[in-house]
Amino acid sequence: MKSVAKTISLKQTDMAQFFAWASRRMNDIGDRAVRRGRLTLMMGLYMLGMNYTAHNDIAPRAPADETAIEVAVAHAVPKITVGDTYGQFLSTAHQVTPYLVGFLATTEGFELSPYQDSRGFWTIGIGNRTTPWGGAVGAHTGRLTPAQAYETARWHLEEKETYMVMYAVMCEYCPDLTVGEFLGLASFVYNGGPHMLEPVLPERGVPADVAAANRAANNACSSRWWALRQTFRTQRDALDADTVHELFAKYPVQSFGSVLTALRNGLRGRELANNLANYLRAGKSESAGLVWRRWLEACLVSGDIKPADIAKCPMGGGWAFMKYAQARGQKLIADKKINFDLAPMFIEWVQRPMAYDARSGEFVALGNLQSVESVMPTDVAEVLRSGEINLTRSPQFEYYADGKADAPKKKQFKKGGEQIAQAGITTQTPRVDLSHDDRI
């Protein structure tokens, strides 16, 4: 914070010296920008300003009101940055994993015992179906502790596919995202994988030339994500932006969904979030469950709802709130438009969930909804209650091991997801039929 404050407070008379120093550094940064193709001038100047005091030609003076500047910096919108490697990206993304797991628990559930989903697949936790060593969840899968279920979710998000997809997309199209943008889009990706961003194009029922072009586009998409998955499995934290760019260049994106198009065009906030309204169908019909999920994701992306507000939402609360809003004559999404104006109503509703009672004609309090905090491990629940998001602290919520209150006895979670010795179930994202974009 001090270095930021000092950089901001450079004397005007020193600016000429600063830009002289900057011009000597821009060649190096310019080379990197050409190679990566995604560094912007603003990011370059920001990096120069941050490094200037460390490699200085001049000495910055103290600001006239350092306290005011530090307060302004402290209230700056925190962002997940892509960094040069997946490890650097994960160092900040890891800090918001508790909020993403909490959000997914409100939408997917947080089941400690195996159950069959709507399509008959045995799942557990936040909708996971397989173990890290390839075994499928079944009727005889043991009950998980909250620590095991959380570790299952964390392992899948950080070490399987969701965060890898987010890292690759950010490398190619947007070097940083606000916490809300990251959480909303990561939930979106978790729901259906990379095809949520890059929909599969039809190869049947279209003219032959169109089918051939679509087949080539689909093959490029499959080849790129297969190569990224294989590289990620071997390199993990060492996967770098250059490798991502090379694979995107080798297998270019030819099918842009509306969300990916918005990211490519630099849209953020509500303009980006509103594109989520194009993904409401499960099969050929609109899904009510996807309506409230897309609405919550969009309000996170836009910033109208904060992560701390989602943490207070009860399990299944999105559905209950949608019914509450409908009883008041409001729709969460109408005519492919997100109703952001309902966000204040939601923030008030999570403090005291209510539902419309048709028999009495009145709104009554809901007392049977379980809170997300109540099913999480103790330290994660404490963070969700606090609403704290600090992207610069040392990694926390790491891996549960013997000695922690919520950890399974005589069982050890290990980094890397290789195995949870005779303990919980760690799984892959359930794949649902949501890979299309309604506008295509």
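Is cysteine 221 buried or exposed? In this predicted model, cysteine 221 has a relative accessible area of 4%, and the limit for a buried residue is under 20%, so cysteine 221 is buried.

**Cysteines**

- Cysteine 299 also counts as buried, because its relative accessibility is 0%.
- A disulfide is a covalent bond between the sulfur atoms of two cysteines.
- The count of disulfides in this structure is 0.

**Aromatic pairs**

- A pair of aromatic rings is described by the distance of the centres and the angle of the planes.
- The structure contains 19 aromatic pairs.
- One of them joins tyrosine 163 and phenylalanine 182 in an edge-to-face arrangement, with 5.3 Å centre to centre and 70 degrees between the planes.
- This pair connects distant parts of the chain, since tyrosine 163 belongs to helix 8 (residues 162–173) and phenylalanine 182 to helix 9 (residues 179–192), 19 residues apart.
- Tyrosine 163 and phenylalanine 182 are both buried.
- The pair of phenylalanine 321 and tyrosine 324 is tilted, because the ring centres are 6.3 Å apart and the planes stand at 35 degrees, an angle between the limits of 30 and 60 degrees.
- Both phenylalanine 321 and tyrosine 324 are found in helix 16 (residues 317–327), 3 residues apart, which is about one turn of the helix.
- Phenylalanine 321 has a relative accessible area of 1% and is therefore buried, and tyrosine 324, at 8% relative accessibility, likewise counts as buried.
- Phe321 and Tyr324 belong to a cluster linked by ring pairs, together with Trp295, Phe346, Trp349, Tyr356 and Phe363.

**Charges over rings**

- Phenylalanine 363, a member of the ring cluster, has the charged end of arginine 328 over its ring, 4.4 Å from the centre.
- Arginine 236 is placed over the face of phenylalanine 232, at 5.1 Å from the ring centre.

**Nonpolar core**

- The largest nonpolar core comprises 102 residues.
- Helix 8 contributes the most to this core, with 10 residues.
- The residues with the most contacts inside the core are Phe89, Phe110, Phe182, Trp295, Leu332, Phe346 and Met376.
- Beyond its neighbours within four places in sequence, tryptophan 295 is in contact with several residues, including Phe321, Leu332 and Phe346.
- Other contacts of tryptophan 295 include Ile305, Ile333, Ile338, Asn339, Leu342 and Ala343.

Notes:
Residues are numbered from 1 along each chain as its sequence is written. This is a predicted model: local features need pLDDT of at least 70, side-chain atom pairs count only at pLDDT 80 or more; totals for chains, interfaces and linings use all residues. Side-chain values use heavy atoms; hydrogens and water are left out. Rings of Phe, Tyr and Trp (its six-membered ring) pair if their centres lie within 6.5 Å; planes under 30 degrees apart count as stacked, over 60 as edge-to-face and the rest as tilted. Helices (H or I, at least four residues) and strands (E, at least two) are DSSP runs, numbered from the N terminus. Buried means under 20% relative accessible area, exposed over 50%, partly exposed in between (1.4 Å probe, protein chains only). A charge sits over a ring if NZ of Lys or CZ of Arg is within 6 Å of the ring centre and within 35 degrees of the ring normal. A nonpolar core is a set of buried Ala, Val, Leu, Ile, Met, Phe, Trp, Tyr and Cys residues joined through side-chain atoms within 4.5 Å. Contact means heavy atoms within 4.5 Å. A disulfide is a pair of cysteine sulfur atoms within 2.5 Å.
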